[in-house]
Amino acid sequence: MKLVFLGPPGIGKGTYARAVSKRYNIPHISTGDIFREEIKKNTELGRRIKGYVERGELVPDDIVIEVVKQRLRQPDCRKGFILDGFPRTIRQAEALDEIARVDLALNFVAPDEVIIERISGRRICTRCGAIYHIKFMPPKYVGVCDNCGGPLILRKDDRPEVVRHRLEIYREKFAPILDYYRRRKLLVDIDASEQAPQVIPKIIKVLETYFHSEET
Ligand code: AMP
């Protein structure tokens with residue numbers, strides 16, 4: 001089950017990917033999470049990409065492709081994976097085709113107002129990466145992670161001015177990626193305007209239908 005999750009920032013790809021990863025026991029690979037971790041650890045890679053990530057700009061293709069290539073070489077990716085936040089450019093999509101055969105690209109769609117409400121209320125645990133929403137998925141105690149007790153923060157690139165910039169980049173850069181997968185008949189649109197508990201069963205249904213018919 002080699003999956004690519006596509007859609008604008010804030011649509012909930014991370015939440016959906018975590019659910020699918022748990023259900024099918026395949027790794028959830030988020031280039032954004034990898035980059036944030038590298039920045040936090042202040043590694044050489046982290047220092048190279050910090051500026052781009054904090055400004056909400058795309059990290060250069062060569063760096064991203066190398067990171068994904070190395071990650072997909074790990075043994076846990078043999079039976080499948082979920083790529084979240086990659087590919088974001090045609091060069092990345094082409095590079096991915098050389099590394100692995102993607103089965104499906106799920107394209108999550110929702111109106112802009114829905115996305116902006118989701119992003120501004122999103123909180124992330126700095127310790128374990130769990131995702132909350134102050135309105136739709138609040139933690140038991142304000143600012144504290146239910147899983148590990150770690151502090152919850154608003155990501156720097158989730159600030160409204162940065163989000164606006166990220167949505168602009170998305171619109172400008174993403175149409176060709178969607179076309180890329182549509183032309184290969186791998187693209188499936190999923191309406192993500194409802195909350196995660198409603199969206200996740202829709203995803204499972206698509207996957208069960210596709211992979212069941214693949215087997216038969
Ligand atoms: P995300 O969590 O997917 O929204 O990613 C956060 C930030 O990481 C983005 O705004 C970019 O700066 C960087 N990033 C993540 N994935 C990619 C990618 N595939 N190509 C370029 N930059 C990326």
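Glu44 is exposed, with a relative accessible area of 57%; exposed means over 50%, buried under 20% and partly exposed in between, with a 1.4 Å probe and protein chains only. Glu44 sits in helix H3. Helices (H or I, at least four residues) and strands (E, at least two) are DSSP runs, numbered from the N terminus.

The model is predicted: local features need pLDDT of at least 70, side-chain atom pairs count only at pLDDT 80 or more, and totals for chains, interfaces and linings use all residues. Residues are numbered from 1 along each chain as its sequence is written, and side-chain values use heavy atoms, with hydrogens and water left out.

**Ligand**

The ligand has 17 residues around it, and Thr31, Glu57, Gly85, Arg88 and Arg166 come nearest. A residue counts as near a molecule or strand if one of its heavy atoms lies within 4 Å of it. By class, this shell has seven nonpolar, four polar and six charged residues. Ala, Val, Leu, Ile, Met, Phe, Trp, Tyr, Cys and Pro count as nonpolar, Asp, Glu, Lys and Arg as charged, and the others, Gly among them, as polar. Helix H2 (31–40) and helix H3 (44–55) each supply at least two residues of the shell, and H2 gives the largest share, four residues.

Polar contacts are listed below; such a contact is a pair of N or O atoms within 3.5 Å, and within protein one must be able to donate a hydrogen and the other to accept it, while residues adjacent in sequence count only if both atoms are side-chain atoms.

| Residue | Residue atom | Ligand atom | Distance |
|---|---|---|---|
| Arg36 | side-chain N or O | oxygen | 3.1 Å |
| Glu57 | polar backbone atom | oxygen | 2.5 Å |
| Gly85 | backbone N or O | nitrogen | 2.8 Å |

Taken alone, the ligand exposes 480 Å², and the protein buries 95% of that. Accessible areas come from the Shrake-Rupley method with a 1.4 Å probe; for residues, only the protein chains shown count as cover.

**Second largest pocket**

The second largest pocket has a volume of about 260 Å³. On a 1 Å grid over the protein atoms alone, a pocket is an open set of points with protein on both sides within 12 Å along at least five of seven lines, whereas a cavity is a set where a 1.4 Å probe fits but cannot get out; lining residues have an atom within 4 Å of a point. Grid points are joined across faces, edges and corners, and a volume is the space filled by probe spheres set on the points.

The lining consists of Thr15, Arg18, Ala19, Lys22, Ala130, Ile131, Tyr132, Met137, Asn147 and Ile200. Helix H1 (13–24) and strand E6 (131–133) each supply at least two of the lining residues, and H1 gives the most, with four. Six lining residues are nonpolar, two polar and two charged.

**Backbone geometry**

Most residues other than glycine have a negative phi, and most peptide bonds are trans. Asn25 has a positive phi of about 55°. Asn25 lies in the loop between H1 and strand E2 (28–30) and is exposed, at 59% relative accessible area. Asn42 also has a positive phi, near 55°. Asn42 belongs to the loop between H2 and H3 and is partly exposed, at 45% relative accessibility.

Phe86 and Pro87 are joined by a cis peptide bond, with omega about 0°. Pro87 falls in the loop between strand E3 (81–84) and helix H5 (90–99).
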